[in-house]
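Subject: Handing over the two-chain model

Dear colleague,

I am passing a structure on to you, and below it you will find my notes on what was found in it. Please read them with the structure open beside you.

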Amino acid sequence: MEENKMSDKKSKDLITTGPPSGGLFSPQQENLIKPLTTEDMTQDYLRCIQCGYCRDVCRVFNVTFRETDYAGGRNRILKSLNKKEIPFDPETIQDVVYRCMLCGNCAEVCPVGIDTVHVFRNFRVRAVNGGAMPEKLKKVRDSVVEFANPFMEEGTKRHDWCKGNACDEGYVAWERGVGLYRKIKSGELKPDEVSPNLVAYFIGCTSAFRNNELSSATCRVLDAMGADFIVIPEEKCCGSVLFRTGVDDVATELMKYNIDLIRKAGIKEVIFSCAGCFSTFSNEYQEYTHHNLGFKLSHVTQFIPRFAKEHGLYFKYKLRSKEDPLKITYHDPCHLARYCDVYEEPRDLISMIEGISLSEMQYNKKMSHCCGAGGGVRALYGDEATSIADSRLDETVECWDEINEDRLLEAVETKAESLVSACVFCKNNLSNAASQFKPDLPVQDILQILENCDVKRKDEK
Amino acid sequence: MSQKKITEFEKYTNELKEIVSPSHVTTDPYEIEAATGDLSILPKYHYKFKEEHIATHIVRPNNTDQFSAVMKLCKDYMLPVTVRAAGTSCYSASTPTKGGVVIDVRRMNKVLEIDSEKMTVKCQAGISWLKLIQALRAKGLAPKCYPTSYKSSCLSGFVVTSGAAGIGQIKFGSIYDALNAVTLVKPDGSVSRIQKNSGGEITLADITGSFGIFGGISEVELNVTTLKTSMELVGYGFHTMEQASEFYRLLKSNSIDKPFYLSLSDKKFEGFSHVTIPSRPFFVYAVFYDDPEVTAKALAFSKESADKLGGLEIDKWYLEEKWRDVADVELNLGRLCNNPIFQEYWISDEKLEAFYEEYAPKVKDDKYRNAMYIMGGSNGKSRIKLFGLSDIEKSLEFFGIKANLHKMAQWSYKNGEGIYSCGVVNTFYYHLFNQEKVQHMQKLNNSVDPDDRVNSYRIIKTKMRLWRIKLLFIVAQTLFRWA
């Protein structure tokens with residue numbers, strides 16, 4: 001036998017039935033030589049080979065068509081700034097810095113594997129330190145500094161969402177939280193004596209002050225499942241909005257506060273309904289503590305299916321039946337998906353709900369399109385954010401059109417009945433766009449679906 | 001005087017905004033920095049003119065009417081214009097060599113009509129290949145040909161740069177063959193629909209390969225083909241370039257089923273891309289894409305031909321992976337060095353060995369990291385791409401490589417061949433060796449753009465001074481050898 005036999009290696013997921021049209025760079029091409037790397041991740045943009053792949057997936061570019069709005073174009077500016085070929089102007093550079101959702105889709109298709117989110121977040125820190133902070137962002141920073149939330153709301157009103165019969169389950173959980181901290185403070189209970197089954201629900205600013213329906217839904221679902229949980233009574237903003245926009249100094253102080261608050265109560269697991277808070281704890285908080293936070297982190301889409309499996313529970317959607325399920329499609333939030341690798345658990349959870357059926361959009365999981373709200377784009381560039389969200393809604397409708405063509409799903413109706421996500425920002429941005437462009441397409445959080453479910457034991461069937 | 005200038009600048013800025021919309025006219029210096037040039041990663045100072053000539057505006061029209069109105073306004077104000085799309089040519093074709101207005105056509109990215117019966121598609125010229133391919137695929141159709149840069153490039157660039165090599169050209173012909181018509185927005189803002197044999201001063205053949213000197217194209221009508229049902233991949237290793245070239249030519253001229261894609265690469269090229277590679281020094285790779293009975297015949301013919309020439313069959317997994325990363329392998333060279341340098345040549349199939357004989361001694365002792373691959377093109381031609389992997393920090397090596405590539409360009413022209421890609425940086429080859437084409441294009445350009453405002457310094461006018469180029473390369477190569 002001549003020298004030929006290269007190896008018995010097999011390539012994965014080969015599709016050779018047509019022109020290579022779909023998909024951009026596939027990271028699973030394991031036989032491609034690995035690219036050069038840099039030690040300093042903050043200067044990773046130097047490795048950009050200007051291939052332009054990121055341009056196609058960038059939702060911002062596909063609305064604005066500005067060369068500085070996608071990763072490769074921004075890298076080009078960073079390179080020129082680095083070589084001092086162009087000046088840093090705190091006023092005019094703000095669009096280059098901030099018109100990015102930090103969704104990370106560009107990183108998924110980058111042939112050299114640049115951690116674009118890391119690079120551009122660092123760019124924001126440098127920009128802020130250089131005086132390039134938009135006025136709107138200054139107001140957000142000032143609000144967080146003064147009130148520990150970005151909404152200029154009095155911190156003492158943080159838990160008003162559950163008071164006065166607004167949400168009894170939440171109020172009781174809040175009272176349990178107050179009780180726990182009182183006992184810890186008085187020495188009646190030591191942190192290591194706290195039950196390992198007790199979980200703490202970190203509400204987050206948006207659910208606390210703006211989207212009470214989500215904090216309420218979360219508490220009702222947890223209560224219906226019989227989970228042992230508290231609401232953290234003195235939580236403050238997690239700092240997500242500031243970390244995302246480069247105001248790290250203020251965010252770091254909040255981070256220290258929240259970590260200390262949770263640690264001193266002996267809490268073993270914190271759960272989140274807000275994907276932004278969850279992502280901030282899972283990334284910035286973990287990085288700060290060198291992955292030694294001292295308590296476990298779970299998004300509700302992880303905790304609920306795990307708890308349900310452990311306790312033999314399932315969910316029955318009250319508004320529809322197994323035979324006539326509500327047809328939903330799931331939008332992967334960037335904070336939960338690309339930031340934290342949570343792809344399958346939300347789908348597991350949906351599959352546990354009798355009366356709900358799931359179909360995927362064309363772009364899902366790692367290649368899911370951003371809703372348009374990330375990275376401060378919603379706050380700073382409202383029009384662009386709505387436009388991006390609208391295209392995501394179009395895709396939802398198209399996905400159902402495609403499904404219709406599938407022989408196995410001929411019975412499926414022509415339109416998506418609901419677009420479901422697991423992030424309050426995605427819900428708000430997509431809802432906002434839906435109200436303008438697709439009023440017949442409801443946008444919900446998965447918790448709002450669960451809130452309308454009966455929690456059943458499997459042996460009750 | 002200064003006040004007057006500012007007033008005029010503001011005046012036409014406002015007029016542009018009225019035509020297009022304020023959000024798609026920008027004078028933002030950062031966007032101008034990013035949009036002034038293509039995706040080339042060569043160091044900025046390498047394109048000296050890039051620093052000399054910076055655009056004043058980036059304008060993004062949405063349709064032919066807006067495009068035309070912008071062109072007309074630029075004529076009224078005598079503003080230079082550069083029309084750009086994705087900028088993937090890497091020959092500085094998007095550089096505003098006279099400053100002025102850059103018209104970015106990528107907002108014009110809509111499919112206007114797909115006629116499944118006539119098998120045609122009409123679309124705006126700034127559409128990306130990915131979007132066009134996906135839209136056609138949904139109707140069971142596919143473009144007849146497209147570039148290997150399809151993951152990031154646009155339709156319009158491929159049309160005006162001739163689109164003679166890539167995916168599909170051997171089987172279906174070049175982009176010119178696939179074209180039905182284009183809508184041309186001329187430098188004075190007038191609009192012409194130019195079809196094959198439609199007569200008129202400028203023909204469709206003039207448009208393909210014009211690099212935009214006659215204006216910008218706003219719409220394109222293409223003939224397309226159907227999605228096929230069978231794809232077969234073949235690959236054989238050979239000991240010599242002669243054997244490999246012979247096999248390559250046999251596949252290319254096979255009347256049963258011409259390859260949808262065909263390449264011949266040296267081991268270095270494969271080695272710079274992949275971890276595990278074929279063992280022999282030359283590798284011919286072909287993709288057949290048709291109905292099952294046709295591809296089966298092509299497969300049998302390939303095997304028979306390869307056996308006669310002593311070809312060694314390559315593992316199937318490698319062939320499959322190569323197809324999947326067909327757009328990525330060239331990029332991979334860019335992943336391995338700071339400044340990949342390359343030149344593309346357009347060579348008759350029967351002269352492939354002669355070209356290689358000239359080239360091989362120049363890189364015999366691996367004076368620098370180099371690679372070669374050949375991609376099948378239309379009309380009995382092939383695109384040969386020579387690479388040098390270097391870093392501008394190693395300036396002697398950097399310019400030494402360029403000198404080598406320059407010598408191969410000279411050899412090509414002296415042997416009746418030429419270069420494939422021509423942009424701003426290498427237009428001087430046209431002037432040196434292709435006077436006939438230059439004169440023809442000059443004549444047309446004098447008629448449509450007598451002031452030479454639109455996409456200047458392409459084909460008919462060279463930015464680089466020949467004596468400087470020659471001197472630079474002589475010195476560079478001498479120093480490189482000495483070093």
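To begin with a pair of helices, α16(B) passes α19(B) in a left-handed crossing, where left-handed is the word used if the near helix is turned anticlockwise from the far one by less than a right angle, and right-handed if it is turned clockwise. Before going further, please keep in mind that this is a predicted model, in which local features need a pLDDT of at least 70 and side-chain atom pairs count only at pLDDT 80 or more, while totals for chains, interfaces and linings use all residues. Residues are numbered from 1 along each chain as its sequence is written, and chains are lettered from A and ligands numbered from 1 in the order in which they are written.

Helix α16 covers residues 395–414 of chain B and helix α19 covers residues 466–482 of chain B, and the two pack at an angle of about 120 degrees with their axes 8 Å apart. Here helices are DSSP runs of H or I with at least four residues, and strands are runs of E with at least two, numbered from the N terminus; axes are lines fitted to C-alpha atoms, for helices over the stretch in contact, and angles run from 0 to 180 degrees between N-to-C directions. α16(B) and α19(B) are therefore oblique to each other, given that angles under 35 degrees count as roughly parallel, over 145 as roughly antiparallel, 65 to 115 as roughly perpendicular and the rest as oblique. Among the residues that make the contact are B:L396, B:F399 and B:A403 of α16(B) and B:L472, B:F473 and B:F480 of α19(B), where two residues are in contact if their C-beta atoms, placed from the backbone, lie within 7 Å. By class, this contact has 8 nonpolar, 3 polar and 2 charged residues; Ala, Val, Leu, Ile, Met, Phe, Trp, Tyr, Cys and Pro count as nonpolar, Asp, Glu, Lys and Arg as charged, and the others, Gly among them, as polar.

Also in chain B, helix α10 (residues 241–253) packs with helix α15 (residues 352–359) at an angle of about 150 degrees, and their axes are 9 Å apart. That makes α10(B) roughly antiparallel to α15(B), and their crossing is right-handed. B:M241, B:E242 and B:S245 of α10(B) meet B:L352, B:E353 and B:Y356 of α15(B), a contact with 3 nonpolar, 1 polar and 2 charged residues.

In chain A, helix α8 (residues 168–186) and helix α10 (residues 212–225) pack at an angle of about 80 degrees, with 8 Å between their axes, which makes α8(A) roughly perpendicular to α10(A). This contact includes A:G170 and A:A173 of α8(A) and A:C219 and A:R220 of α10(A), and its residues divide into 2 nonpolar, 3 polar and 3 charged.

Turning to domains, whose bounds come from an automatic or database domain assignment, chain B is divided into domain 1 (2–105), domain 2 (111–226), domain 3 (230–419) and domain 4 (428–482). The centres of domain 1 and domain 2 of chain B, taken over C-alpha atoms, are separated by 23 Å, and 15 residues of domain 1 of chain B are in contact with 22 residues of domain 2 of chain B. Helix α4 (residues 64–76) of chain B gives the most to the domain 1 side, with 7 residues.

Chain A is divided into domain 1 (41–133), domain 2 (145–308) and domain 3 (312–460). Here 33 Å separate the centres of domain 1 and domain 2 of chain A, taken over C-alpha atoms, and 6 residues of domain 1 of chain A are in contact with 5 residues of domain 2 of chain A.

Finally, on confidence, chain A averages a pLDDT of 86 and chain B averages 90, where pLDDT is the predictor's confidence in each residue, from 0 to 100. The pLDDT stays under 50 over residues 10–25 of chain A.

Best wishes
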